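Reader: I am new to this structure and would like to learn how to read some of its features. Could you take me through them one by one?

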Amino acid sequence: MSIIGLSQTFLDSAHFTKFRDFLHDACGIYLAESKQYLVTTRISPLLSHHKFKDLGELVQELERNKYSPLREIVIDAMTTNETFWFRDTYPYEVLKAHILPELAGQKSSINIWSAACSSGQEPLSISMAVEEYQRFSPKKLVNVNITGTDLSPSMLKIARAATYDQMSVMRGLSVERLNAFFDQLGEDSWRAKQQISRRITYRTLNLQDSYGGLGSFDIIFCRNVLIYFNNELKLDILKRIHRSLNPGGVLFLGASEGLAGASEFFDMVHCNPGILYRAK
């Protein structure tokens, strides 16, 4: 069955509403009415593959069996796993120039959380920034632990392997960093060196769930994920992130994201360029 044929029949408005409710309950993503095309594009192939006649039948199966592998497949299809190396640049430069030197004078161990880490580019970028800082400041060596979390087991599998094709490594990774921090396995395959990947521990986590088991952090990267949630959930996540930060800890959000009413918990700091938030 073609995607065109499916798009004409499966996206009944009531079915769309039920699917939107499922997605919101499952992972917090809110779909506006204008996003029906996104469901058509991403879910139609799954309907055809799994032989569901329409979206309503898919939702019924998801509601009937909440622990089905299909649930993960659907969430993966609807989750935007768009990621880059050293995205927006400034968080990593600020990390090296200001935050790590500050914390190195206070602590022997620094804990960093990369939330919604997708396939690992962000936590690996953080680790590369740490490596660059330590190479230029050998007298201020500190132990840095990075925790990467994501709700998608398939993305975390890629992250743990730390192996990427040529197209992936070209998205924001300079030739100098590629040569310094990766081993080439073949013509089209690169793997992060052990000194970069060994700092990182990956865990499955839905940002709607408890963060209590993660511990406390000095720095949290939660970038380009809050934009997919409604204001109520954004505020809830930011409050819980605040509780996960040590006093004075640093939060990096995406360039288009803000505090969503959580300004009582954070001070905004202008980095010129960029912004970070310090836990009050």
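Author: Let us begin with a pair of helices: H2 passes H4 in a left-handed crossing, where a crossing is left-handed if the near helix is turned anticlockwise from the far one by less than a right angle, and right-handed if clockwise. Helices (H or I, at least four residues) and strands (E, at least two) are DSSP runs, numbered from the N terminus. The model is a predicted one, in which local features need pLDDT of at least 70 and side-chain atom pairs count only at pLDDT 80 or more, while totals for chains, interfaces and linings use all residues. Residues are numbered from 1 along each chain as its sequence is written, and side-chain values use heavy atoms, with hydrogens and water left out.

Reader: At what angle do H2 and H4 pack, and how far apart are their axes?

Author: Two packed helices are described by the angle between their axes and the distance between the axes. For H2 and helix H4 (residues 55–64), the angle is about 35° and the axes are 9 Å apart; axes are lines fitted to C-alpha atoms, for helices over the stretch in contact, and angles run from 0 to 180 degrees between N-to-C directions.

Reader: Which residues of H2 and H4 meet?

Author: Contact means heavy atoms within 4.5 Å, and by that rule His 15, Phe 16, Lys 18, Phe 19 and Phe 22 in H2 meet Leu 55, Gly 56, Leu 58, Val 59 and Leu 62 in H4. By class, this contact has 7 nonpolar, 2 polar and 1 charged residues, where Ala, Val, Leu, Ile, Met, Phe, Trp, Tyr, Cys and Pro count as nonpolar, Asp, Glu, Lys and Arg as charged, and the others, Gly among them, as polar.

Reader: How do H2 and H5 pack?

Author: Their angle is about 95°, with the axes 11 Å apart, and H2 is therefore roughly perpendicular to H5. As for the terms, angles under 35 degrees count as roughly parallel, over 145 as roughly antiparallel, 65 to 115 as roughly perpendicular and the rest as oblique. From H2, Phe 19, Phe 22, Leu 23, Ala 26 and Cys 27 meet Arg 71, Val 74, Ile 75 and Met 78 of H5, a contact with 8 nonpolar, no polar and 1 charged residues.

Reader: What lines the second largest pocket?

Author: On a 1 Å grid over the protein atoms alone, a pocket is an open set of points where a 1.4 Å probe fits, with protein on both sides within 12 Å along at least five of seven lines, and lining residues have an atom within 4 Å of a point. Here the lining has 18 residues, of which Ala 26, Arg 71, Ile 75, Leu 151 and Asn 206 lie nearest the centre of the pocket. Helix H2 (13–27) and helix H5 (69–78) are the elements that give two or more residues to this lining, and H5 provides the largest share, 5 residues. The lining residues divide into 8 nonpolar, 5 polar and 5 charged.

Reader: Are H6 and H7 parallel or oblique to each other?

Author: Helix H6 (residues 90–104) and helix H7 (residues 121–136) pack at an angle of about 60°, with their axes 10 Å apart, and they are therefore oblique to each other. H6 passes H7 in a right-handed crossing.

Reader: Where do the loops hold a backbone feature to look at?

Author: Asp 88, in the loop between H5 and H6, has phi near 70°, a positive value in a residue other than glycine. Pro 273 sits in the loop between strand E9 (266–270) and strand E10 (275–279), and the peptide bond from Asn 272 to Pro 273 is cis, with omega near 5°.
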